[in-house]
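Open the model in your viewer and keep the selection tool ready.

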Amino acid sequence: MPTPSVSYLVPVLNEAGRLADAVRGALGQDYDGAQEVVVAVAPSADGTEEVAARLAREDPRVRVVDNPATDIPAGLNRALAASTGDVVVRVDAHSALPDGYTRRMVEVLLETGAANAGGIMRAEGRTPLQESVARAYNSGLGLGGGVHHAGSAAGPAETAYLGVFRRSALLAVGGYDETLRRGEDYDLNVRLRAAGYEVWFVPDVEVTYWPRSDWAPLVRQMWATGVWRGEMVRRSGRTRLRYLAAPAVVLGLGTSAAVAVSGLDRRHPLPFALAHLAPLAYAGFLGWAGATAGASDLPSRVRDAAVVATIQASWGAGFLKGVTRGAGTTVDRSRVRRR
């Protein structure tokens with residue numbers, strides 16, 4: 001069988017400092033087939049367009065398309081339309097593909113017949129806060145985790161991190177849903193499986209992910225992600241239980257605060273004092289989370305607990321907004337500002 005050609009799709013917004021590494025990491029893969037990179041550039045304020053144009057001049061395998069809609073799904077679809085590869089590899093400027101990634105994933109597609117394959121998302125940090133965020137991701141404490149965070153058995157999966165796709169399958173389900181501003185990967189994999197395709201998890205491949213490194217961008221990212229997850233549940237009427245934990249925390253803490261402000265716990269101590277069990281239980285959970293996330297010193301453990309609380313509160317509040325009122329025009333503002 002001829003070696004499949006590969007197209008790397010790279011949607012970017014304000015990624016002038018990361019784009020060159022992402023493109024070189026893709027084209028530097030040890031792979032025998034033809035390779036190309038299509039960069040979808042949203043209107044940026046940091047010179048990303050100029051970096052993309054320079055990369056295209058330096059290597060004819062790099063093509064640049066505009067993404068005036070800004071959102072990632074729209075950029076991915078524009079890059080897909082301009083690409084030619086038999087296999088489509090999604091690339092994130094905040095991730096680093098390991099050596100042999102493309103070769104291994106294409107082998108999996110050919111061996112299993114799957115439409116999409118993905119490995120472990122291994123978060124890493126360069127600063128103390130980013131390290132704490134990475135530990136929350138890797139341990140599954142932030143949002144309960146998924147197979148691509150800590151799975152160990154290869155096989156069919158619910159979704160995949162980034163993804164290496166058969167082009168034919170991706171086109172058959174209509175590409176990415178541009179009405180979603182977050183959660184487009186999960187939605188795409190749901191539609192692939194509904195169409196009879198398999199999504200395959202490959203635990204021996206790890207992709208490095210660099211999470212947000214400041215508090216405010218982390219809150220904005222998690223809020224927007226939660227809102228759009230709630231919107232997806234609102235549309236489908238279905239969700240996984242693990243996605244209900246963070247909203248339950250927000251509801252429990254909110255109920256306790258409301259009871260305390262209203263004074264009901266003082267006028268009717270027996271029934272309403274029970275509302276205060278939620279913050280007590282959650283405080284215990286955060287203490288356990290800080291102790292077990294993997295940090296070796298007390299300040300890092302306290303920071304780990306604060307990161308878990310920030311992720312869950314922001315995501316959970318966003319989810320409740322999305323599931324009750326819809327996502328509207330909510331967008332991840334942490335991508336708009338240069339990080």
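A salt bridge here is a side-chain nitrogen of Lys or Arg within 4 Å of a carboxyl oxygen of Asp or Glu. Note that this is a predicted model: local features need pLDDT of at least 70, side-chain atom pairs count only at pLDDT 80 or more, and totals for chains, interfaces and linings use all residues. Residues are numbered from 1 along each chain as its sequence is written, and side-chain values use heavy atoms, with hydrogens and water left out.

**Stop 1: R212 and D332**

Select R212 and D332. Their side chains meet in a salt bridge, 3.1 Å from N to O. R212 sits in the loop between β9 (199–209) and α9, and D332 in the loop between α14 (298–325) and α15 (333–336), so the pair ties together parts that are 120 residues apart in sequence. Helices (H or I, at least four residues) and strands (E, at least two) are DSSP runs, numbered from the N terminus. Are R212 and D332 buried or exposed? Both are buried. Buried means under 20% relative accessible area, exposed over 50%, and partly exposed in between, with a 1.4 Å probe and protein chains only.

**Stop 2: R181 and D71**

Next, select R181 and D71. The closest N and O atoms of this salt bridge are 3.0 Å apart. R181 lies in the loop between α7 (167–172) and α8 (184–194), while D71 lies in the loop between β3 (62–66) and α3 (72–82), so the pair ties together parts that are 110 residues apart in sequence. R181 is partly exposed, at 28% relative accessibility. D71 is buried, at 11%.

**Stop 3: R235 and D177**

Now pick R235 and D177. Their side chains form a salt bridge with an N to O distance of 3.7 Å. R235 belongs to helix α9 (residues 215–236) and D177 to the loop between α7 and α8, so this pair ties together parts that are 58 residues apart in sequence. R235 is partly exposed, with 43% relative accessibility.

**Stop 4: a network**

Select R90, E184 and D185. A network of salt bridges links these residues. How many salt bridges are there by this rule? The count comes to 18.

**Stop 5: the whole chain**

Zoom out and colour by secondary structure. The chain has 15 helices and nine strands. Its radius of gyration, taken over C-alpha atoms, is 21 Å, close to the 20 Å that the globule rule gives for 339 residues, so the chain is as compact as a globular protein of that length. The globule rule is 2.2 Å times the number of residues to the power 0.38. Along the principal axes, the C-alpha atoms fill a box of roughly 75 × 40 × 40 Å. Buried residues make up 53% of the 339.

**Stop 6: helix α3**

Select α3. This helix is mostly covered, with eight of its 11 residues buried. The buried residues are I72, P73, A74, G75, L76, N77, A79 and L80.

**Stop 7**

Finish at R18. Where is R18 placed? R18 is in the loop between β1 (6–12) and α1 (19–27). R18 is partly exposed, with a relative accessible area of 30%. The C-alpha atoms of R18 and H94 are separated by 7.3 Å, although the two residues are 76 apart along the chain.
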